[in-house]
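The following account leads the reader through one structure, element by element. Please keep the sequence and the model in view while reading.

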Amino acid sequence: MRVVDRRSFLARMGMGLSVLPTLFVEHPRARAATSPRRLICVALTGGHVAASWRPRAGRLSDRPLPTSLSPLSPHADRLLILPALANPAVPSCAATCAAGYLSLWNGLDGSAAGAGGATVDQLIGRHLVGSPGGLPASGTRATLPLAVRAGVGPTAPVEDRRAFWSAPGAPVEPIGDPQAAYHELFGRPAATAETQRLLARGKSILDYLDGNLKSFARRLGNEDRQRIEKHAASVRSLETALATPACSSASGFTSPALDLRDPRAYVRAFDLHMRVAVMALSCDVTPVVTLQLSGATGADVDVGFLAGDRAPKRLWSDVVAGDVTWHRRLDDWLMERLVGLLGDLESTTDPLTIRTLGQDTIVVWGNATRAARGSGAVGSVMIAARHHFGTGRCLDDPGLTLPTLHAELATAFALPSHPFGAGAQSLR
């Protein structure tokens, strides 16, 4: 008898991968995870304002967190803050530290873009899906690369928008449109008369399966039925937020309502990307998500949205040379978004293990910057984890480097080999 995996089955039925969790519901098994199962890497540039962001070394519970970090207080016990990891690939920075951004996720060679080879996210993703090429027959992606882009102007060259690499000189091109990311991951229902009728009425792809899902749910216990209903509500909510357009007979779908040419769309694009990322992880479509919040110099982001619609254009700048007041506002806003991401992970259940995504996901927030004018590149890193790392503290050790961190990430995910050298026991 030929075995058809669940993703191929759904693709043939035209259902879309967003119904994957319903296939687990009859035989879920709660189990304690001994290692992380998912990774989120967030890349940005410019650093943080030390006076309002950088905590003192030691236990985070010993004193109140700095102003910008204070929203993260409820999550302090799972945070490891590494404020200045040296990037040996970039021993000195010029006017900006773009090279530090381009080598942030391997720290091995900053001589040219991507010279250091595959970044840690790629190696971990390939390992977790069991395929050196990153895409096994089951259709699970090794990584989902996303980028928040809105109102990008000519000041940001394409090469400066790359942070993740699949091989030396081979950039991973991120998806900038949240709706495009959703459709690429979860697909669309088969173009039948029935599905076109539902889509034309603004319905969800789950309405295509509405009768079958209800019939299936009636045969389950209360707990499993509630899980199906919760997942379906999440899918519908995300589709509504994405403003899934009506179906047209010519192309199947019209243009999305989100205008990414408008710099003010950055906030909405950011939030939608976060929701797509959590949905992708919960549906087991990928084990690794990468999210770029800016390019290498920050010249592709207008942070005027922080002061309202009529604010003058202000680019996301290096904190060493830029406007500290505006950068502090940006820090505050970013930390609130990180709180939202951690909360979403904690409230979303893994249908296979009956654990929350927060329990089995490591989040790495990496900010490429420089300690001072003319100094070498450093990475200001925050880790949210319940595995492997010694959390609840700020570790300010000048001997730690980005490759050291990546070696520990590789160890946490049980990679059999990696190029990052030795890890550090102090991170555990």
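Cys394 is buried, at a relative accessible area of 4%; buried denotes a relative accessible area under 20%, exposed one over 50%, and partly exposed one in between, with a 1.4 Å probe and protein chains only. The model is a predicted one, in which local features need pLDDT of at least 70 and side-chain atom pairs count only at pLDDT 80 or more, while totals for chains, interfaces and linings use all residues. Residues are numbered from 1 along each chain as its sequence is written, and side-chain values use heavy atoms, with hydrogens and water left out.

Another cysteine, Cys41, is also buried, and its relative accessible area is 0%. A disulfide is a covalent bond between the sulfur atoms of two cysteines. The rule applied here asks for a pair of cysteine sulfur atoms within 2.5 Å, and by this rule the count is zero disulfides.

Cys394 is touched by Arg56, which also touches Arg63 when residues up to four places away in sequence are not counted; contact means heavy atoms within 4.5 Å. Arg56 itself is exposed, with a relative accessible area of 60%. Its place is the loop between α2 (50-53) and β2 (58-59). From Arg56 to Ile81, 25 residues apart along the chain, the C-alpha atoms are separated by 9.9 Å.

A wider view sets these residues in context. The protein has 12 helices and 12 strands; these are DSSP runs numbered from the N terminus, with helices being H or I of at least four residues and strands being E of at least two. Of the 428 residues in the protein, 54% are buried. Among contacts with a separation of 6 or more, 72% join residues 24 or more positions apart.

Helix α12 (residues 402-412) is mostly covered, with 10 of its 11 residues buried. Among the buried residues of α12 are Leu402, Pro403, His406, Ala407 and Leu409. What do the buried residues of α12 pack against? They pack against β1 (38-45), β3 (79-86), α4 (120-129), β10 (361-370) and β11 (377-384).

Ala414, in the segment after α12, has a positive phi of about 60° although it is not a glycine. Most residues other than glycine have a negative phi, and most peptide bonds are trans. Phe420 also has its place in the segment after α12, and it is buried, with a relative accessible area of 5%. Among the residues that Phe420 touches, not counting those up to four places away in sequence, are Trp105, Asn106, Val120 and Leu123, as well as Pro403, His406 and Ala407. Phe420 and Asn106 lie 314 residues apart in sequence, yet 7.4 Å apart in space, C-alpha to C-alpha.

A positive phi, of about 70°, is also found at His388, which is not a glycine. His388 lies in the loop between β11 and β12 (393-394).

Pro178, in helix α5 (residues 178-186), counts as buried at 0% relative accessibility. Arg149 is found in the loop between β4 (144-147) and β5 (165-167). Leaving aside neighbours within four places in sequence, Arg149 is in contact with Arg161, Pro174 and Leu260. The C-alpha atoms of Arg149 and Ala269, 120 residues apart along the chain, are 7.4 Å from each other.

The last topic is a pair of helices. Two packed helices are described by the angle between their axes and the distance between the axes. The axes of α9 (residues 266-282) and α10 (residues 324-347) come within 10 Å and cross at roughly 25°; axes are lines fitted to C-alpha atoms, for helices over the stretch in contact, and angles run from 0 to 180 degrees between N-to-C directions. The two helices are therefore roughly parallel to each other, a term for angles under 35 degrees. Residues of α9 including Phe270, Met274 and Val278 meet residues of α10 including Trp333, Arg337 and Leu341.

Terms used:
Parallel < 35°, antiparallel > 145°, perpendicular 65-115°, else oblique.
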